[in-house]
Amino acid sequence: MSSPATIQPFDGKSVCLFCGSSETVHPNYLAAARAFGEQTARAGWRLVYGGGGVGLMGASARAAHAAGGRVLGVMPGFLRSRERLFDEVETLVVPSMHERKTIMYDQSDAFVVAPGGVGTLEEAIEILSWKRLDLHAKPVIFLNINGFWDALLAVMDHSIEEGMTPASFKQAWVVCNTVEAAIEVLGASDEMPHLQHDQR
């Protein structure tokens, strides 16, 4: 396990996965997480994630690792027992949630938001808020398995309809209904501005 101050250098593309740690979920969600981890590894990309060995987090990281991919986990110390640290991969243990998110952001070229609970929702909203404030221009992809994010996307639409958010902000994310579509969009991320209206 790496020390908190050390991250092994990586000169390829790094993809951050925000996702749930619950294991009491629909099997389709776990299958999608495993497929995403495996396909990320096959593409030669590093998977950056929350460091846990349970739920979608664990499924994705284990699959990426098994497929020979690079994985960076970032976990606050107080969550080590709850989210069962997966220390077979490069892992940083940090003091706080804030530091966890900062490192995950700094180490990532794109963000994929898979199904998850309130923590995943908070991460997704924060990364979109930063994009709204022009603090970054990195791709954000909602992996909308089984229509999981439909309700959140409806709230976004409502905010636009009520004049709280400009309609142009819908270009800040892509919605993909399959892992394969998400991988395709990530592979074309250099052309992301041309793809942001696409919903697959």
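Mentor: Begin with a term: two residues are in contact when heavy atoms of theirs lie within 4.5 Å. Keep in mind also that this is a predicted model.

Trainee: Then take helix H6: which elements cover the buried residues of H6?

Mentor: The cover includes S1, helix H1 (27–42), S5, S6 and S7. The buried residues in H6 are Val-179, Ala-181, Ala-182, Ile-183, Val-185 and Leu-186. Helix H6 itself spans residues 179–187 and lies across S1, strand S5 (110–113), strand S6 (140–143) and S7. Its direction is at about 170° to S6.

Trainee: How do I read the sheet, and in what order do its strands come?

Mentor: Strands of a sheet pair through backbone hydrogen bonds, in either a parallel or an antiparallel way. Here seven strands make an open sheet, ordered S4-S3-S2-S1-S5-S6-S7, with parallel pairing. Strand S4 (90–94) and strand S7 (174–176) are the edges, each pairing on one side only. On average, neighbouring strands are turned by 25° against each other, direction ignored.

Trainee: How many bridges join S3 to S4?

Mentor: Five bridges join strand S3 (residues 71–76) to S4, and the two run parallel. Leu-72 stands opposite Glu-90 in S4, and Pro-76 stands opposite Val-94 in S4.

Trainee: Which strands does helix H2 touch?

Mentor: Helix H2 (residues 55–66) packs on the sheet and touches strand S1 (14–18), strand S2 (46–49) and S3. The direction of H2 makes about 160° with that of S2.

Trainee: And how do I describe the packing of H1 and H2?

Mentor: Two packed helices are described by the angle between their axes and the distance between the axes. The axes of H1 and H2 come within 7 Å and cross at roughly 30°. The crossing of H1 past H2 is right-handed. On the H1 side the contact involves Tyr-29, Leu-30, Ala-33, Arg-34, Phe-36, Gly-37, Glu-38 and Ala-41; on the H2 side, Gly-55, Leu-56, Ala-59, Ser-60, Ala-63 and Ala-64. Sorted by class, this contact has nine nonpolar, three polar and two charged residues.

Trainee: Ser-60 is in that list. Is Ser-60 buried or exposed?

Mentor: Buried means under 20% relative accessible area. Ser-60 has 1%, so Ser-60 is buried. Its place is in helix H2. Leaving out residues up to four places away in sequence, Ser-60 touches Leu-17, Ala-33, Arg-34, Phe-36, Gly-37 and Leu-47.

Trainee: Next, the cores. Which residues touch the most other members of the largest nonpolar core?

Mentor: In soluble globular proteins, nonpolar side chains tend to be buried together. The largest nonpolar core here has 33 residues, and Phe-36, Val-112, Ile-141 and Leu-186 touch the most other members. At least two residues of this core come from each of S1, H1, S2, H2, S5, S6, S7 and H6. The most come from H6, which gives six. Another core, of 25 residues, lies apart from it; among its members are Phe-18, Leu-72, Val-94 and Phe-142.

Trainee: What is phi of Asn-146?

Mentor: Phi of Asn-146 is near 55°, again positive in a residue other than glycine. Asn-146 sits in the loop between S6 and helix H5 (150–161). With 49% relative accessibility, Asn-146 counts as partly exposed.

Terms used: Residues numbered from 1 in each chain as written. Predicted model: local features only at pLDDT ≥ 70, side-chain atom pairs only at ≥ 80, totals over all residues. Heavy atoms only, no water. Pairing = 2+ DSSP bridges. Helix = DSSP H or I, 4+ residues; strand = E, 2+ residues; numbered from the N terminus. Axes fitted to C-alpha atoms, helices over the stretch in contact; angles between N-to-C directions. Buried < 20%, exposed > 50% of the residue type's maximum accessible area, 1.4 Å probe, protein only. Core = buried A, V, L, I, M, F, W, Y, C linked by side-chain atoms within 4.5 Å. Left-handed = near helix turned anticlockwise from the far one by under 90°. Nonpolar A, V, L, I, M, F, W, Y, C, P; charged D, E, K, R; others polar.
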